[in-house]
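Hi everyone, thanks for coming. Let me put a structure up on the screen, and then we can walk around it together.

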Amino acid sequence: MTIASVHSSASSLQAEFPGVVHLPGGPEYDALTTPWDLAVRQAPVAVAEPGDAAAVAAIVRAVVGLGLRIAPQTTGHAAAPLVHHQDLSDVVLLRTGRLTEVHIDAPRRLARIGGGAIWADVIGAAAEHGLMVLHGSAADVGVVGYTLAGGLSFYGRRYGLAANSVRVIELVTAAGELMRVDAESDPELFWALRGGVGANFGIVTAVEMELFPLATVHAGMMLWDIGHADPVLRTWATWAKTAPEEVTTSLRIMRFPPLPELPPFLSGRRIVVIDGAVLGSSEDAAAVLAPLRAVAPEMDTFADMPTTVLTDVHMDPPEPTPSVAQGAILDELGEEGVRALLQEVGPSAECALTFLELRQLGGAIGRSPEHGGAISALPGSFAMFACAIAPFPEAAAAGQAAGQSVRRAMTPWTNERSFPSFNHGESQVGTGYSAGDFARLRAVRERVDPDRVLAAHHPIY
């Protein structure tokens, strides 16, 4: 299509869906195309915000008929890989943020969650019934994007990846048809959706997820000055090898500018933080955490708390933030791996990263359950995530360079597999899967979207 015909088609789409479809220059366009990651500029030919699944289906049918493509998005936390992999000049961005309904079926321990819901919509609703869901570390992340990319939670080493808890997926296909998919109705598509990243196979309008009986959790963080990074990292990396599956933690080395809006224990400081959750009694948790406490943290907030406040523990930014990030999966570090990492981000390193995070894997995260999806487990010992807040281009360039430097330094300990949620465009999409599974995903994609109408942020072709 020519540029003129693309814009003509977009105008026709807006005329068919007034107040729902917005074009560049319109009063709603900028706000609806601005993702949570403010470092990313999205410039689709149009943006749509339907109110229900039927409207999603109608828009998809119209988009296909006009020769355009479509990209679903909830919050835009994963906007960076979308613009890295896709040319949006003929794409209609479909924001699902109005599909936020949440229904808790407490007797069956199931939650039906709208395709535009964020974790804040779900956690509290489940907690009213003494139940919890395998949510992420931030309450403002979209449920569907997080879950269908695998879903790594602070309950993960006990209960596995969140994708394994999905029982039903409702979606609109590339042909504009509404479908309800489960293990019986279309087992191959159901397998692909759980880990193949849903936007490759349709626009997900709702999911049903298993809930777990848990009202309180022992969780919190321990904090040290960065000068203690060496003993803290060595202790934690050794402890993580044999820690029971009831505990899931992360370790971050963080650098904060002296901003008045930050609390004093963060503002202008370089710190090491271990945070996470322990499932069990306070006494059991104290025994599990004792080796970490032996390194004498200056702050220790671990305590019993309602599951509704677990997302506060990780201290993710509460507002949309510009950032650049890279990730990898690491095997056991050992003495040399710890030394290599500290050379990059330790107290003597000049590093542009805001934080370097290692999330503890193993336990149920490393085991694929029977009838799991395309990502049902993660290999390795740690998921690494290197992130820099990037309010201007120079900061973004420095952050990218720092992330690449860390990845190069950690190559000897890097697993060949990647994790879509931590893959912001630097790695090839296929590295998240075995060769056989990737071929299987491609076959499903060819069946459900042969014309490549769907523009996915981790495209499977």
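I'll go from a sheet to a couple of helices, then to one arginine, and finish with the cores.

First, some housekeeping. This is a predicted model, so local features need pLDDT of at least 70 and side-chain atom pairs count only at pLDDT 80 or more, while totals for chains, interfaces and linings use all residues. Residues are numbered from 1 along each chain as its sequence is written, and side-chain values use heavy atoms, with hydrogens and water left out. Helices (H or I, at least four residues) and strands (E, at least two) are DSSP runs, numbered from the N terminus.

Let's look at the sheet. It is open, has 4 strands in the order β1-β2-β4-β3, and its pairing is mixed; two strands pair if DSSP finds at least two bridges between them. At the edges sit β1 (21-22) and β3 (69-73), each pairing on one side only. Strand β3 runs parallel to β4 (residues 91-95), joined by 5 bridges. Helix α3 (residues 53-65) packs on this sheet and touches β2 (46-48), β3 and β4; its direction makes about 150° with that of β3. That angle is between N-to-C directions, from 0 to 180 degrees, with axes as lines fitted to C-alpha atoms, for helices over the stretch in contact.

Now, helix α5 (residues 119-127). Which of its residues are buried? They are Trp 119, Val 122, Ile 123, Ala 125 and Ala 126, where buried means under 20% relative accessible area, with exposed over 50% and partly exposed in between (1.4 Å probe, protein chains only). Those buried residues pack against several elements, including β6 (110-114), β10 (203-210) and α11 (310-313); contact here means heavy atoms within 4.5 Å.

Arg 359 is in strand β18 (residues 355-360), and Arg 359 is buried, with a relative accessible area of 11%. Its side chain makes a polar contact with the side chain of His 314 at 3.4 Å. By polar contact I mean a pair of N or O atoms within 3.5 Å; within protein, one must be able to donate a hydrogen and the other to accept it, and residues adjacent in sequence count only if both atoms are side-chain atoms.

Last stop, the cores. A nonpolar core is a set of buried Ala, Val, Leu, Ile, Met, Phe, Trp, Tyr and Cys residues joined through side-chain atoms within 4.5 Å. In the largest, of 76 residues, Trp 119, Phe 201, Met 209, Leu 378 and Leu 441 touch the most other members. Apart from it lies another core of 47 residues, Phe 382 among them.
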